[in-house]
Amino acid sequence: MNPSLSNFMLARTPKHILHPTPTMTTQLQLNTGASIPALGLGTWQSAPGEVKKAVIHAIEAGYRHIDCAFCYQNEDEVGEALQDVISRGIVKREDLFITSKLWCTFHTRVEEGLQKSLDLLKLDYVDLYLMHWPVPMNPNGNHPLFPKLPDGSRDIDHSTNHIQTWKNMEKLVQSSSPKVKAIGVANYSVKYLEKLLAQATVVPAVNQIENHPYLPQQEVADFCKEKGIHLTAYSPFGSTGSPMFKDEIVNEVAKKHNVGAGTVLLSYHLARNSSVLAKSVTPSRIDENRKLIALDDDDMSKLESISKTKGLTRFVYPPFGVNCGFPDKADGIDLSG
Ligand SMILES: NC(=O)c1ccc[n+]([C@@H]2O[C@H](COP(=O)([O-])OP(=O)(O)OC[C@H]3O[C@@H](n4cnc5c(N)ncnc54)[C@H](OP(=O)(O)O)[C@@H]3O)[C@@H](O)[C@H]2O)c1
């Protein structure tokens, strides 16, 4: 088409068509051909006794994407909630998108780790199974989830590496009766992704990382886009107690759109074509977090200015060292295999 004609048409295309308002069930494409709903309910730190009610409330309120993990130690209650809503006909299993994650002490026992989560969740399959961290930990250490050495440092399993783990995860999707629809990773830096992709047969469908205006992780986002890996943002509010709800710029954008700061923090990811996980066990917040809006270029450049002026802030520290960012730098050890 003639470029001046296409510019003419673009200028006259209504805003709502150019930037459709995202909803929590807007489907984002994965490299498997499947899609992932834009908003997921997070379940980390959702206490026993709370998480079942939260998941039931969320699904009744229209959420279709639930983010789980073996290490959250609450998958049994999430499973009870799923059974409840499915048996009452609120939702069909195939209309839900359920993620679980392989914990670090299960890197050498991938099938066993998956089966444990499936049993707890009371499911035949998960839609997405992620390697929770690219760091194998001793399966026979002094704690089943967080083993430590006598000097207090993490008990890392140096006999294997994340690439070997990925090879075993690949077998899950290559099986004749797969119990996972897709496999992916979490907490992967560009360096780790490069090492993985050099030897992978299956490109991860997703990289789930901490992501928000205080930690845009632009180089990871750009790399994932180039490689066809969908990005899912975790801790969009900066997890419990973060200052982001009070941030001046976030509130300026929120005021412009007449919405709460939380809506801006969640919608930021939709503007980046990422899905986002919001954790809450509070019914009113679960409801409130459903609201997403289309942010424009001006909003996004304001939000992008936050990390440029205030620096980067990581709110969720990996369980391998202190304030070490990605595990590349964990305890000063290169674990990338
Ligand atoms: N792959 C990984 O390694 C990894 C790491 C971290 C998180 N995740 C996933 O990402 C999910 C989300 O991250 P996150 O749990 O760290 O934190 P988050 O979703 O950024 O923040 C959760 C906190 O915000 C509060 N909150 C929720 N909605 C609110 C609202 N509208 N207004 C005010 N406060 C609100 C919640 O309180 P209440 O619950 O009390 O309402 C909770 O204290 C996790 O639950 C987990 O599923 C994955």
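1. The secondary structure of the protein chain comprises 12 helices and 10 strands, where helices (H or I, at least four residues) and strands (E, at least two) are DSSP runs numbered from the N terminus. The model is a predicted one, in which local features need pLDDT of at least 70 and side-chain atom pairs count only at pLDDT 80 or more, while totals for chains, interfaces and linings use all residues. Residue numbers start from 1 along each chain as its sequence is written.

2. On overall form, a compact globule of 337 residues would have a radius of gyration near 20 Å, and the 20 Å of the protein chain agrees with this; the radius is taken over C-alpha atoms, and the globule rule is 2.2 Å times the number of residues to the power 0.38. The C-alpha trace spans about 65 × 50 × 45 Å along its principal axes. Of the 337 residues, 44% count as buried, a residue being buried if 20 or more other C-beta atoms lie within 10 Å of its own, exposed if 12 or fewer, and partly exposed in between, with C-beta atoms placed from the backbone.

3. Among contacts with a separation of 6 or more, 72% are between residues 24 or more positions apart; two residues are in contact if their C-beta atoms, placed from the backbone, lie within 7 Å.

4. The unreviewed UniProt entry lists Y72 under "active site", and such annotations may be inferred rather than shown by experiment, with feature names shortened and positions given in the numbering used here. Y72 is placed in the loop between β4 (65-67) and α4 (75-87), and it counts as buried because it has 20 C-beta neighbours inside 10 Å. Apart from its neighbours within four places in sequence, Y72 is in contact with T43 and W44.

5. Helix α4 packs against α5 (residues 110-121) at an angle of about 45°, with the axes 6 Å apart. That makes α4 oblique to α5, since angles under 35 degrees count as roughly parallel, over 145 as roughly antiparallel, 65 to 115 as roughly perpendicular and the rest as oblique. The contact involves E75, D76, V78, G79 and L82 of α4 together with S117, L120 and L121 of α5.

6. In helix α9 (residues 248-257), the buried residues are V250, V253 and A254. Viewed down the axis of α9, these fall within an arc of 100°, so they line one face of the helix; the arc is that of the directions from the helix axis to the C-beta atoms. The face turned away from the buried side carries the exposed residues E248 and K255, whereas the cover over the buried residues includes α10 (261-271) and α12 (297-310).

Notes: Axes fitted to C-alpha atoms, helices over the stretch in contact; angles between N-to-C directions.
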